[in-house]
Amino acid sequence: MNEKLLEVKDLVVQFRTDRGKVTAVNGVNFELYRGQTLGIVGESGSGKSVTALSVMRLIPNPPGEIARGEIFFRGQNLLHLPLDEMRRIRGNKIAMIFQEPMTSLNPVFTVGNQIEEVFALHQQEYSKAERRNQGIELLKMVGIPSPERRYLEYPHQMSGGMRQRVMIAMSLACRPDILIADEPSTALDVTIQAQILELMKKLQSDLGMAIIMITHDLGVVAETCDQVAVMYCGQMVEKANIKTVFSRPRHPYTKGLLESIPSYDSTKNKEKGRLPTIEGMVPSLFDLPTGCSFQDRCNFVTEDCRGRKGMPQLENLALGHEVSCFNPIVV
Amino acid sequence: MNIYVYVLRRILYVIPVLLGVCLIIFVLFNLVSPDPTLMLLGKHANLKQMQELRHELGLDRSYVVQYLDIVKSAFTFDFGRSWSTKQEIIEMIKNGAIPSLTVTFPAFLIALIISLVVSLFVAFYRGHFLDRAAVLVCVAMMSIPSLAYILFGQKILAYDLGFFEISGYEHGFPAFVPYVALPCIIWIVLSIGPDVRFYRTVILDEVYMDYVRTARAKGLNEKVILFKHILKNAMIPIITWVVIQIPFLILGALLLESFFGIPGLGGITLNAINSTDFPVVRAMTVLSAVAYIIFSVITDVLYTLVDPRVRLK
């Protein structure tokens with residue numbers, strides 16, 4: 001088995017708000033191995049971005065706070081690191097790209113300047129000329145045409161797809177062990193989306209890094225991931241390899257998500273071509289139901305489920321297939 | 001677009017603006033305001049005296065000529081002579097500008113530095129106790145009327161404690177220092193409140209931008225993020241705020257000059273208004289308009305240095 005890069009144990013992240021404390025991430029566990037792509041899927045507010053930001057220790061504090069848990073990066077607990085050592089890991093060993101390519105770059109500095117900043121920070125042995133050459137090399141690597149010219153341009157002179165490529169180039173500057181991609185293709189056109197995902201896959205195999213792909217789009221997961229973790233209301237409800245999740249989902253929420261993917265083949269949909277949805281709304285984090293937080297929307301809910309007080313915990317139902325459900329679907 | 005083309009175009013825009021401003025000044029002084037000869041001669045003047053005076057003051061010339069006179073003065077700064085003192089107005093302005101600037105320029109510079117430092121400090125510790133305390137002090141300082149500072153300064157600091165001169169002026173450095181120190185300090189105290197609040201808001205507007213999160217994700221420390229990434233973005237509104245204040249420095253501080261007996265441009269303007277000295281008032285109006293236009297062009301040019309996006313527009 002490949003080297004274990006990341007191990008998150010019992011992560012709890014809370015935010016103080018005017019209406020009291022909310023728990024955005026509630027007891028999340030996962031592992032990440034070199035070369036692997038882990039997809040974290042869920043609706044808005046399910047805690048997937050917060051989980052990712054926690055790994056970088058970028059939760060805005062206040063109001064947010066990592067209340068409990070451990071995050072081991074190659075055996076080292078990131079949550080116990082002094083801040084300046086954590087900064088040496090950010091952008092260097094663990095890098096991150098974001099959903100908003102249009103605003104994620106600083107508008108008043110050239111693209112080259114912003115890339116070189118990473119070298120100046122983490123590769124101090126580079127000379128000025130080396131930084132420049134490496135920067136241009138990165139732009140070339142992410143497929144930006146005429147990189148020498150683009151290097152001197154400002155973000156506003158580029159399209160969204162180009163800017164996301166720049167973000168990827170910047171994040172890969174120090175050949176990180178882990179790349180966290182928070183909805184990297186969501187804000188882009190579909191064709192550009194595919195290009196960006198293709199690029200990430202190619203770079204992953206070239207550089208041998210691990211990727212955490214955060215998305216609400218199961219199509220993206222299907223294209224890029226090896227492992228999938230489905231999140232709902234701050235918890236991971238199902239975790240397995242991609243094949244298992246898509247072919248034999250055992251959590252009703254995962255099943256609902258998969259069924260609500262539009263498909264060209266309408267015979268697949270039972271109700272006269274109507275797209276199945278998950279009924280109801282994601283409950284507010286302020287008043288989650290006691291017990292299973294999915295019970296009010298679940299098609300498989302039983303009296304027994306409703307009666308249970310504690311939250312369902314992830315359990316190994318099959319080898320490498322973990323589900324947190326009182327009444328998992330039988331396959 | 002080339003930066004020189006941008007600057008040139010911006011300068012060419014000045015011409016129509018200046019012509020328009022001159023037209024407004026002309027209308028205000030010649031058509032809207034009451035007949036100055038009546039005010040100068042008093043109500044017992046007869047028609048002949050009035051006509052003679054009108055001829056003497058050049059008010060019987062055609063409107064076009066009088067308008068062009070104003071336009072010409074905006075370019076040559078030849079404003080003619082004062083009606084009451086018969087002095088060359090440009091000489092009066094030159095003499096008044098130095099006392100005005102000795103008060104306003106150091107005060108402006110010191111206030112700018114203090115407010116920028118304080119607001120960066122406060123933005124760095126945003127949400128912290130220090131931040132809240134600073135905002136509170138700013139609001140308190142803004143809430144006290146300027147007259148209170150002037151009276152307190154003159155009574156306690158100047159009269160009772162003798163730190164400064166109460167009022168008056170002496171030409172030449174360092175003779176003017178004891179006279180201008182107190183009005184300077186009061187100017188600084190008056191501007192720190194609103195300035196810090198403005199700079200703080202502008203800086204905090206940037207703090208929550210996505211590029212700041214990117215900068216953190218790169219591993220930059222908070223100081224570099226604040227001083228490099230955030231400050232350069234915040235410079236755009238700050239430059240506007242700062243540069244647009246400069247014309248008012250040249251025109252002097254009306255209130256402070258009159259309270260402290262400083263023979264600056266503010267004082268000259270007040271006297272001219274009181275004695276119906278139209279050419280002087282008009283000269284000050286033209287001068288402030290020209291200064292304002294020049295500094296707004298400078299602001300626009302400075303933008304291009306700070307914000308690369310401006311050049312394209």
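## Model and domains

Domain bounds here come from an automatic or database domain assignment. For chain B that assignment gives domain 1 (3–76) and domain 2 (98–276), and their C-alpha centres sit 35 Å apart.

This is a predicted model, where local features need pLDDT of at least 70, side-chain atom pairs count only at pLDDT 80 or more, and totals for chains, interfaces and linings use all residues. Residues are numbered from 1 along each chain as its sequence is written, chains are lettered from A and ligands numbered from 1 in the order in which they are written, and side-chain values use heavy atoms, with hydrogens and water left out.

## The largest pocket

A quick word on the grid: it has 1 Å spacing over the protein atoms alone, and a pocket is an open set of points with protein on both sides within 12 Å along at least five of seven lines, while a cavity is a set where a 1.4 Å probe fits but cannot get out; lining residues have an atom within 4 Å of a point. Points are joined across faces, edges and corners, and a volume is the space filled by probe spheres set on them.

The largest pocket comes out at about 1100 Å³. It has 33 lining residues, with A:I59, A:P60, A:N61, A:P62 and B:R216 nearest its centre. As for secondary structure, helices (H or I, at least four residues) and strands (E, at least two) are DSSP runs numbered from the N terminus. At least two lining residues each come from α1 (48–56), β4 (64–73) and α2 (83–89) of chain A and from α10 (210–218) of chain B; β4(A) gives the most, with six. The lining splits into 18 nonpolar, five polar and 10 charged residues, where Ala, Val, Leu, Ile, Met, Phe, Trp, Tyr, Cys and Pro count as nonpolar, Asp, Glu, Lys and Arg as charged, and the others, Gly among them, as polar.

Two or more lining residues come from each of β6 (94–97) and α6 (160–171) of chain A and α10 of chain B. By class, that makes seven nonpolar, three polar and one charged.

## Sheet and helices in chain A

Strands pair if DSSP finds at least two bridges between them. An open, antiparallel sheet of four strands runs β2-β1-β4-β5 in chain A, with β2 (20–33) and β5 (76–77) at the edges. Eight bridges join β1 (residues 4–17) to β4(A), and A:V12 has A:R68 as its bridge partner there.

Which residues does A:T51 touch? This α1 residue is in contact (heavy atoms within 4.5 Å) with A:L11, A:V25, A:V28, A:F30, A:I40 and A:M231, leaving out residues up to four places away in sequence. A:T51 is at 1% relative accessibility, so it counts as buried (buried is under 20% relative accessible area, exposed over 50%, partly exposed in between, with a 1.4 Å probe and protein chains only). Helix α10 (residues 252–259) of chain A has six of its eight residues buried, and these pack against α8 (218–224), β9 (227–232), β10 (235–241) and α9 (242–247) of chain A.

A:R175 is in the loop between α6 and β7 (178–182) of chain A and is partly exposed at 45%. A:C233, in the β9–β10 loop of chain A, is buried at 3%.

Over in chain B, the peptide bond from B:F173 to B:P174 is cis, with omega near 0°. B:P174 is in the loop between α8 (146–160) and α9 (177–207).
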